[in-house]
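Me: I am new to this structure. Can you show me how to read it, one feature after another?

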Amino acid sequence: MSTTARYWRLFRVQVRSSVLLGLQYRADFVLDGVVSLFWTLTALVPLFTVFHLRQTVAGWTFEEALLVTGWFTLLEAILEGAINPSLTAVVEHIRKGTLDFVLLKPADAQFLVSTARFEPWRSTNVITALVLWVYAFVRMGRLPSPSGTLAALLLLVVATSVLYSLWILTVSAAFYVVKIDNLTNLFNSIFDAARWPVQVFRGLMRWIFTFIIPLALMTTFPAQAMLGRLPLPALAWSLVGAAVFAWLSRRVWLSSIARYTSASS
Amino acid sequence: MSLRSTVRALPTLFRVGFAEMVAYRAEMLVWVLATTMPLIMLALWSAVAHDAPVGRFDQQDFVAYFLATFIVRQLTGAWVAWQLSFEVRTGTLAMRLLRPLHPMVSYAVENLAAIPLRLVVALPVAVLALILTGSERLPRDPLLWTIFLVSLLGGWLITFLANAAIGTLALWTGSSVKLMDVWLALYMVFSGYLIPVELFPPLIRGAIEVLPFRYQIGFPVEILTRGLDRGAALRLLLGQWIWVGLFVLGVRALWRKGLQRFAAYGG
């Protein structure tokens, strides 16, 4: 059996066990859905207030900014449903020293820990994102540009990969500082900036959000692509950037795991 | 647990809490760094005010406002809801109940013990705010400064008591962290943390007047940056302390009823 086929099968097994686990806590599903819907709605209040006072902000109209919010909501759903749960589990493994059991298995450790837990039912926000986009385009009275939508889908893959790489980098820090639940908090609070078009930020902050923590390509670029306004070089550079990030996070993960001492087990 | 023995225990409790904070200083620093929200909102509102002021706010006013928000948030922090929820679930609340001291007092002192270290972070921000925006926005009236200090205490009390009330609900539900998330979302939006209260549309502003959130952050910040006059400040102070009173009564009632249900699972 080829390696790819083997990993594909492993992936399906992991997803199935996650789903079975999740089905045990059905009440949590409803509660989580309600709470995250509530968060999304309250998070719209600043948007409404700002555009109640102004027609455009940093060159963005209300409807266009709503698209960015939609992308933010979608990525948040991916983060909470597919990325956060697994990686929170790794941190717990590192702290308790139980990562040994993962490392002993005859498969790539990063693959195993990254696919350990999915919580698809936490992703009710995917629907919210779709509603936001439809509402925005109906208000604009137009359709998203077809080629732009293709580019946006491509950027969705890119953004997910960058988000995942950033997460791997954060988790790698757990090998050094051990206690990390507040590092995830730091990560989330920085990610919050992606709620707004990157043009809102000026100077150093915009530079950081474009190149160091590329929030721009996660939410602003896809929204621009949908509007048919994304320059082609930006798309190309996003792909390059994502590849660099993926490579970097893999290197850092490998060198961090080499430091793992299985403390306290 | 007489009042006298409680008061005598306070300095020691505070020292223990402070030592704990110093021991986990790196962790606390990350918590502080995670308070990036005022900076994000500052960038957003500066962009909004780029061409013309919003209401009475120009870009400088927003800098002053959001840096003050950062400082007030640091000084009015509390996290009892998570503590209580955790200790109820793991049964470790039993240890607290054994001590000859009301658990709420020990929680309060632990949370207050973080303030000196947070002050170390807040002071440079205050200096920065003064350098960037000058001192003409600060109130001149000593009475207003007194009200500001009292309002900080009131803001902290509301944060602490709301946390305690929601944490106590864990005695019924096992965990109340989700409910705390809902509270937090409302707090973020309606406290003046993201949007200065004056900039809300009139309808929402009416609701904010009667909600407790503004008294946690917005009110102290407004005294610092806007020069509320004495009358308005005193009226808001009264509102704030009515909320403090309501929360004290609420927490007392919840705690008495809830504690009877405590079974110390796994303790």
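This is a predicted model: local features need pLDDT of at least 70, side-chain atom pairs count only at pLDDT 80 or more; totals for chains, interfaces and linings use all residues.

Me: How far can I trust it? What are the ipTM and pTM?

Reply: The ipTM is 0.81 and the pTM is 0.86. Then look chain by chain. The mean pLDDT of chain B is 88, and 98% of the residues score at least 70. For chain A the mean is 84, with 95% at 70 or above.

Me: Where in chain A is confidence lowest, and where highest?

Reply: Helix 8 (residues 181-191) of chain A is lowest, with a mean of 78. Strand 2 (residues 60-61) of chain A is highest, at 92.

Me: What is chain B built from?

Reply: Count the elements. Chain B has 14 helices and 0 strands.

Me: What overall dimensions does chain B have?

Reply: Its C-alpha trace spans about 60 × 40 × 35 Å along the principal axes. Now test that against a rule. A compact globule of 267 residues would have a radius of gyration near 18 Å; chain B has 20 Å, so the two agree. Check the contacts too. Among those in chain B with a separation of 6 or more, 83% join residues 24 or more positions apart.

Me: How do I read a single helix?

Reply: An α-helix has 3.6 residues a turn, so residues three or four places apart point the same way. Now take helix 11 (residues 232-257) of chain A. Its buried residues are S238(A), A242(A), F245(A), S249(A) and W253(A). They pack against helix 5 (109-114), helix 7 (146-177) and helix 10 (215-226) of chain A.

Me: Why does the length of helix 11 of chain A agree with what we expect?

Reply: At 1.5 Å a residue, its 26 residues should span 38 Å, and the end C-alpha atoms are 38 Å apart, so the length agrees.

Me: Which residues are buried in helix 5 (residues 80-90) of chain B?

Reply: V80(B), A81(B), L84(B), S85(B), E87(B) and V88(B). Their cover includes helix 6 (93-98), helix 7 (103-112), helix 9 (142-168), helix 10 (170-173) and helix 11 of chain B. After helix 5 of chain B comes G91(B), with a positive phi near 85 degrees.

Me: Which residue has a positive phi although it is not a glycine?

Reply: A58(A), with a phi of about 50 degrees. Find A58(A) in the loop between strand 1 (56-57) and strand 2 of chain A.

Me: Why is A58(A) called partly exposed?

Reply: Because 19 other C-beta atoms lie within 10 Å, and buried would take 20 or more.

Me: Which residues touch the most other members of the largest nonpolar core?

Reply: That core has 125 residues. V162(A), L163(A), L44(B), A68(B), L161(B) and A164(B) touch the most other members. Follow V162(A). Leaving out residues up to four places away in sequence, V162(A) touches P214(A), L217(A), M218(A), A242(A) and F245(A).

Me: How many residues does each chain bring to the contact between them?

Reply: Chain B brings 24 and chain A brings 28. On the chain B side, helix 2 (25-33), helix 3 (37-48) and helix 11 (177-190) each supply at least two residues. Sort that side by class. It has 20 nonpolar, 1 polar and 3 charged residues.

Note on methods:
Residues are numbered from 1 along each chain as its sequence is written. Chains are lettered from A and ligands numbered from 1 in the order in which they are written. A nonpolar core is a set of buried Ala, Val, Leu, Ile, Met, Phe, Trp, Tyr and Cys residues joined through C-beta atoms within 7 Å. A residue is buried if 20 or more other C-beta atoms lie within 10 Å of its own, exposed if 12 or fewer, and partly exposed in between; C-beta atoms are placed from the backbone. Two residues are in contact if their C-beta atoms, placed from the backbone, lie within 7 Å. pLDDT is the predictor's confidence in each residue, from 0 to 100. Helices (H or I, at least four residues) and strands (E, at least two) are DSSP runs, numbered from the N terminus. Ala, Val, Leu, Ile, Met, Phe, Trp, Tyr, Cys and Pro count as nonpolar, Asp, Glu, Lys and Arg as charged, and the others, Gly among them, as polar. The expected span of a helix is 1.5 Å times one less than its number of residues. The radius of gyration is taken over C-alpha atoms; the globule rule is 2.2 Å times the number of residues to the power 0.38.
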